[in-house]
Amino acid sequence: MSSTLAGAFGIAALFVAALALVFAIQALRAQSGAPKTTQKLPATPVPAPQPQVEPQFQEPQKPGTVKSELRRLSKELEDARSELRETLQHLAVVRYDAYGDMGGRLSWSMALLDDNGDGVVLTSINSRNDARSYAKEVSGFESDSKLSPEEEEAIETLRKEASPALGDPDHQ
């Protein structure tokens, strides 16, 4: 048997095993959620639970069904996307020579921003005798502090990258 055929059988077996695991989990959930017939009724009457109104008039789904799992996963995905929009995930670095007597472009400005243009711009200016570092807050691609041309260039690079995403309805 060739290694390609063996690999294909291995992948197929892995897929079948994963599918069996999903069905086993659904069966366990359905079994644990089923009411037991041997339970005794309480001595005092319990008021009937009030039905919950589902948003957008959706039919209530049993836990463990494919539809309810898809709804739950969709909600979790949207929550994760919302949190991701507020993380410092966009980066732009501008390297330059801050002083004419020194080569190698050892000075740099780096913008770290989230999807809303909020974050920080970090700058390190290096000379032969010392190095200085600066951090400036950025909000909405703007800063209250005076920015150097290199810092503005780093922020502008990220603003241009964000422009197509800001028009994307899934990105909002």
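Modeller: Happy to! Let me start with confidence: pLDDT is the predictor's confidence in each residue, from 0 to 100, and a contact means heavy atoms within 4.5 Å. Over residues 34-46 pLDDT stays under 50, and the model has 0 contacts beyond four places in sequence for that stretch. The chain averages a pLDDT of 76, with 56% of the residues scoring at least 70.

A word on conventions. This is a predicted model, in which local features need pLDDT of at least 70 and side-chain atom pairs count only at pLDDT 80 or more, while totals for chains, interfaces and linings use all residues. Residues are numbered from 1 along each chain as its sequence is written, and side-chain values use heavy atoms, with hydrogens and water left out.

Now to the setting of the sheet. The chain has 3 helices and 4 strands, where helices (H or I, at least four residues) and strands (E, at least two) are DSSP runs numbered from the N terminus. Read from the N terminus, the elements follow the pattern α-α-β-β-β-β-α.

The 4 strands form an open sheet in the order β1-β2-β3-β4, with antiparallel pairing; two strands pair if DSSP finds at least two bridges between them. Because β1 (90-96) and β4 (131-138) each have a single partner strand, they stand at the edges, and one side of each is left without a neighbour in the sheet. On average, neighbouring strands of this sheet are turned by 10 degrees against each other, direction ignored; the axes behind that angle are lines fitted to C-alpha atoms.

On to the next pair: β2 (residues 107-113) and β3 (residues 119-126) are antiparallel over 6 bridges. Here Met110 has Leu122 in β3 as its bridge partner, and Leu113 stands opposite Gly119 in β3. The hairpin of β2 and β3 has 5 residues between the strands, and Gly117 takes a positive phi near 80 degrees there.

As for cover, β2 is mostly covered, with 5 of its 7 residues buried; buried means under 20% relative accessible area, exposed over 50%, and partly exposed in between (1.4 Å probe, protein chains only). For the chain of 172 residues, the buried share is 18%.

Technical notes:
Axes are lines fitted to C-alpha atoms, for helices over the stretch in contact, and angles run from 0 to 180 degrees between N-to-C directions.
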